[in-house]
Amino acid sequence: MTLHVTNTLTGETEPFEPQDPEDVLLYYCGLTVSDPPHLGHARSWVHVDVMHRWLEQLGYGVRHVENFTDVNEKIVARVGEDGTDEADVAENYIERTLADMRSLNLLRAEVYPRVSEHVPEIVDLVETLIEKGYAYESNGSVYFDVTSFEEYGKLSNQALEEIESQGDPDERSEKRHPADFALWKADGVDADAIAEHRHEDAAPAEEACETALTWDSPWGEGRPGWHIECSAMSTTHLGDTLDIHVGGRDLVFPHHENEIAQSEAATDQQFANYWLHCELFQMDEEKMSSSLGNFVTVDEAVDRWGTNVVRTFLTAGSYNSQQLYSDETIAEAEERWDRLERAHEAATAAIDSPSAGTKAEDGELRETVEAAREAFTEAMNDDFNTREAQSALLEIAAAINRHLEAEDDAADYRGLRRAVETLEELGGVLGLSFTGKTNGSAELAGDVVELVLGVREREREDGNYERADELRDELEAIGVEVQDTDEGPSYRLPGE
């Protein structure tokens, strides 16, 4: 079975055929960096990461680009709270976001473009749209004329006459049609635009707005519109036509609809061949979101449950199915990861022990492993169905346990080795690690080690050298290398 994906553009599940038979162009609409990343963001990240991994498993090279929106009114609203100006706030949240990505064991994208780095490309794109008659200038701003693009609404399946006004209310007097959207906004940021996004600890609105970034343009000083950013960044790094464009379901309209209109109007090429949308993450019957304040941050989740449990939880449902966060669903993920990890540990211990037989053969074990490999492949080729893929891994774990619980003296070395290799290989497609290198936050682990070393130093100062040695031995038993120097103890965590 070849890979099939559900294409929002057509509403159909279609065989995946990239433009280049060797390489896939994958673009993901990244974060507006104005708040700490939460599990809703992590869900999309992890599923895009699984897509990337499976495409590589199929033999494709993957050119994966994911942007950061670092110019936005929501970022300005955080001035004084999370940074001294718009650029500083964005830089701080990008640093935190990248750390969260690493803690989730995500493959790195080819590049993480930022809006602030691509203003010349944005201006060029807007000029092209004006020259081709798809956009117009009004009081220093530039708007896309939705009536000029015949296929407007094809992604969201809306007729133009059904679409309500887009943009801020103060833009309406400048626009020819209520649904026209801003490509370039004159001047800076108005205090009213950030009012609903401000927290109590933020700087006064007028003071924050004075730090907003602006650039010169043919239409005067201003800032890019939101939608034009992704078109400029994706085409700069991946060309006029993407193979796969991924984003949240809530971005279908207006963001992705507008991306299509402005990109295809400018290039006369199809912007993306396959549109994949991640369903929203539900928490108490609402979507988890920064604006609602009902979120669990990524670093909180990884520190509490570990990377493998978080990824097991997030891949328990497919990318395009809704998922509920609750104590019960997290507990289920902990139990599933525990079953996989224990089976892997038991199988590894068995094949590394003298009891592993070179002639022993468990046909049921071997058949289950091969059947699970086929089921995993079939599931992933069925629109990246991680739920069924995860179930295939659990079948292998159950087969390992049945084999080891049998009364036969000799373990099936070859069968168990194949099972271990399959868990590691296919588990890796889901971003799971059986090596222990991604089981939690390195920052938290370092804090714990430093706490233990502090206790050890106090024991030494009190003359309790035997207890101090025991603490060092306990740290080294879990892989932490401790070295005493004239400046005090230093350490290195496992995998560093």
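I started in helix H1 (residues 39–57), where Arg 53 and Asp 49 both sit, 4 residues apart, about one turn of the helix. Helices here are DSSP runs of H or I with at least four residues, strands are E runs of at least two, and both are numbered from the N terminus. Before going on, I noted that the model is predicted, that local features need pLDDT of at least 70 and side-chain atom pairs count only at pLDDT 80 or more, while totals for chains, interfaces and linings use all residues. Residues are numbered from 1 along each chain as its sequence is written, and side-chain values use heavy atoms, with hydrogens and water left out.

**Salt bridges.** I checked the distance next: Arg 53 forms a salt bridge with Asp 49, with the closest N and O atoms 2.7 Å apart. My criterion was a side-chain nitrogen of Lys or Arg within 4 Å of a carboxyl oxygen of Asp or Glu. By this rule I got 25 salt bridges.

I looked up the UniProt annotation, an unreviewed entry, which places a short sequence motif, the 'HIGH' region, at residues 31–41. Such annotations may be inferred rather than shown by experiment. Over residues 31–41 I found 27% helix and 0% strand, with the end C-alpha atoms 8 Å apart.

**The sheet.** I then traced an open sheet of 4 strands, ordered S4-S3-S9-S10 with parallel pairing. Strands S4 (61–66) and S10 (272–278) are at the edges with a single partner strand each, so one side of each has no neighbour in the sheet. The twist averages 20° from one strand to the next. Strands S3 (residues 23–28) and S9 (residues 242–248) run parallel and are joined by 3 bridges; pairing requires at least two DSSP bridges. I found Leu 26 opposite Ile 244 in S9.

Helix H7 (residues 226–238) packs on this sheet and touches S3, S4 and S9, its direction making about 160° with that of S3. Helix H8 (residues 252–267) also packs on the sheet, touching S9 and S10, at about 160° to the direction of S9. I took contact as heavy atoms within 4.5 Å, and angles run from 0 to 180 degrees between N-to-C directions of axes fitted to C-alpha atoms, for helices over the stretch in contact.

**A helix crossing.** Last, I saw that the axes of H10 (residues 307–314) and H11 (residues 327–351) come within 8 Å and cross at roughly 115°. Among the residues meeting there are Val 309 and Phe 313 in H10, and Ile 330 and Trp 337 in H11.
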